[in-house]
Amino acid sequence: MIKKIPFGKPIVCKQEINRIKEVLESGILVHGKVTKEFEDEFAKRIGTEYAISVSSCTAGLHLALFCSGIKKGDYVAVPAMTHVATAHVVELSGATPIFIDVDKETGNIDYEKLAKASKENIIKAIMPVHYLGLPCDMNKINEIAKSTNSLVIEDCALAMDAQYDSLKAGNLGDCGSFSFYPVKHMTSIEGGMVTTNNKYLAEQIRKKKAFGYNKSLGERTRPGQYDVDALGFNYRMNEIEAAVGLCQLERLDKHLKVREKNFDILNNKLKQLGSVKLFPKNSGKSTSSFYCFNIVIKENSKIDRNTLQDKLKEIGIGSSIHYPSAVPLFTYYSKKYNYKKGDFPNAEFLGDNTISLPIGPHISEKEANFIADSLFEFLN
């Protein structure tokens, strides 16, 4: 029998439906207490002083750069293997991304190359991406940032609850930005959250996510009267999204345990194979968030990724690729900055040879074993 196991699927329950109904019946769909409650609970979860809800992780990253004064003429270090959004927000700020190749073993930014680039360019910010949810070695990154007086803005899109030593992702630099896209660790339908311990930065992000109003809705002495003393955006989260996010946050521990268990099932089975390499769940002080399970087809292997994906699709197993290309080789960046094949060998190799498999809480233990056994059979 053909199964249907999607790569990702949001787990939405009656609890969310009831909370949405409450918000709709309240008549307050934005600027309400639910968003504030979500922010407070999220800050507690990550361990930061502040959490500011935004319309997406991309919006959060953009605001972090914008509110930090990153502008035209500035340089920002970005890993060559990431979602294109990480680089796009640098471009949208008017700054120039300095792409850094990644470590082949973890997919995270190469620290030696980052240090070299920091000496060759006046880098104003470093944007470490915790690849597939495994935190970067933040001691090394913060050391480089301190020596060059650079900001550290974490891209935590896949790193919900990932751990580095005793701290969580999002509490390892100047600020971090999370994604609540439907197939992430938790969802708010769409949306994101910025975390920081910097009071000034938190205030600026909160202000500039809402047009640059000098007074928020609750601070106005007369309805509809305010001034705008700064440039800003419309990057707010609404009350319905926050209500869903709160429900998801309450079940996060349970879902993370399922993810880790499914990860271990695939890892224990597939580590016996010699044709593929598996990314680690731990590296140094880092522990993964278990977003997905990635295999890397080894060099000189006879396995074809497209054929493998087709075979998985035939039996109903969803898959994805994180990510299909080194970002600087996407047409926009390669044309603008004259990057060419071979400039980022490790990122290019991962882009050509990785395949992402599902381990989310929508997958039962039986289904995880089915995925592991099917892959083992194909790859063996």
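A crossing of two helices is called left-handed if the near helix is turned anticlockwise from the far one by less than a right angle, and right-handed if clockwise. In this predicted model, local features need pLDDT of at least 70 and side-chain atom pairs count only at pLDDT 80 or more, whereas totals for chains, interfaces and linings use all residues. Residues are numbered from 1 along each chain as its sequence is written, and side-chain values use heavy atoms, with hydrogens and water left out.

Helix 2 passes helix 8 in a left-handed crossing, helices (H or I, at least four residues) and strands (E, at least two) being DSSP runs numbered from the N terminus. Helix 2 (residues 33-46) and helix 8 (residues 239-250) pack at about 35°, their axes 8 Å apart; axes are lines fitted to C-alpha atoms, for helices over the stretch in contact, and angles run from 0 to 180 degrees between N-to-C directions. The contact (heavy atoms within 4.5 Å) includes F38 and F42 of helix 2 and L246 and L249 of helix 8.

In soluble globular proteins, nonpolar side chains tend to be buried together. A nonpolar core is here a set of buried Ala, Val, Leu, Ile, Met, Phe, Trp, Tyr and Cys residues joined through side-chain atoms within 4.5 Å, where buried means under 20% relative accessible area, exposed over 50% and partly exposed in between (1.4 Å probe, protein chains only). The largest such core has 47 residues, and L65, V76, V90, F99 and M127 have the most contacts inside it. Among the elements that each supply at least two residues of this core are strand 1 (50-54), strand 2 (75-79) and helix 4 (84-92), while helix 3 gives the most, with 7 residues. When residues up to four places away in sequence are not counted, V90 touches L65, V76, V78, A95, T96, P97 and M127. A second, separate core of 40 residues includes F38, A43, I100 and A159.

Strands are taken to pair if DSSP finds at least two bridges between them. Strand 2 runs parallel to strand 4 (residues 123-126) and is joined to it by 3 bridges, with Y75 standing opposite I123. Strand 4 also pairs in the parallel sense with strand 5 (residues 151-155), over 2 bridges, and L151 is the bridge partner of A125. Elsewhere in the model, an open sheet is formed by 4 strands in the order 7-6-12-11, with antiparallel pairing. Its edge strands, each pairing on one side only, are strand 7 (167-168) and strand 11 (282-283).
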